Amino acid sequence: QASCAWPARAIGFTLPLRESADEGCSFRTLGQRMDSYDVFLSYARADSARAALIRDKLEAKGLSVFFDAEGVDSGEEFPVVIDKAVKSARCVLGLWSSAALERRWVRIESRIGLDQQKLVAAMLDATRPEQLPAEFYNVNFESLADFRGQEDHAGWKRVLRAIGKRVKRPDLVRDEPAPSPSSAAPRSGSSRPGSLRETSRTSAN
């Protein structure tokens with residue numbers, strides 16, 4: 001049986017990955033560096049396992065994903081490569097949690113996405129809208145607290161639709177439910193009406 005040697009990851013971030021095979025061994029190799037990505041994944045190091053799962057799910061949909069493998073600690077200089085990636089990405093997916101929202105760089109990345117009207121926010125834990133930092137108080141988010149990779153997860157499907165609108169992928173946007181009279185009330189895990197998602201939907205059309 002052939003032994004497989006795994007290639008080392010790039011320091012500080014991972015590039016889009018492609019599947020490769022050699023002598024019966026399947027492994028993932030680093031793709032070429034890109035000038036811009038479909039999705040910039042913003043998360044706290046404490047949530048790295050959940051973030052890696054979501055990265056894999058997005059890549060399986062054919063999206064290029066910028067994923068910082070090491071994370072940036074509070075007080076560290078914001079790496080130039082991350083600065084460029086978050087500003088040029090078509091969408092910033094903020095994977096929020098109580099830990100993530102305490103991290104300076106997660107808030108900076110999400111703020112850039114918000115300012116550029118390309119932020120999609122998802123909550124990985126039970127943090128409530130009223131617990132959000134003031135700068136994100138009116139940002140609507142989807143709950144992925146119980147998401148473990150299920151394709152039929154309601155919150156995940158809404159995240160994909162929001163990403164699809166920002167990256168111009170109609171196949172990800174299809175099957176969007178029609179508005180109902182009850183949609184005026186905020187659903188569980190979401191903030192108040194008139195949030196970023198509604199504003200971004202208008203600007204994306």
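Is Asp83 buried, partly exposed or exposed, and what is its relative accessible area? In this predicted model, Asp83 is partly exposed, with a relative accessible area of 25%.

**View 1. Lys57 and Glu151 form a salt bridge between distant parts of the chain.** The closest N and O atoms of Lys57 and Glu151 are 2.6 Å apart, although the two residues are 94 residues apart in the chain. Lys57 belongs to helix α1 (residues 48-60), while Glu151 sits in the loop between β7 (141-143) and α4 (154-167). Lys57 counts as buried at 15% relative accessibility, whereas Glu151 is partly exposed at 40%. Salt bridges that share partners also bring in Lys61, so that Lys57, Lys61 and Glu151 belong to one network.

**View 2. Arg55 and Asp56 pair in a salt bridge.** Here the closest N and O atoms are 3.1 Å apart. Arg55 is buried, with a relative accessible area of 5%, whereas Asp56 counts as partly exposed at 31% relative accessibility.

The pairs shown in these views are among the nine salt bridges that a search of the whole structure finds.

Methods:
Residues are numbered from 1 along each chain as its sequence is written. This is a predicted model: local features need pLDDT of at least 70, side-chain atom pairs count only at pLDDT 80 or more; totals for chains, interfaces and linings use all residues. Side-chain values use heavy atoms; hydrogens and water are left out. A salt bridge is a side-chain nitrogen of Lys or Arg within 4 Å of a carboxyl oxygen of Asp or Glu. Buried means under 20% relative accessible area, exposed over 50%, partly exposed in between (1.4 Å probe, protein chains only). Helices (H or I, at least four residues) and strands (E, at least two) are DSSP runs, numbered from the N terminus.
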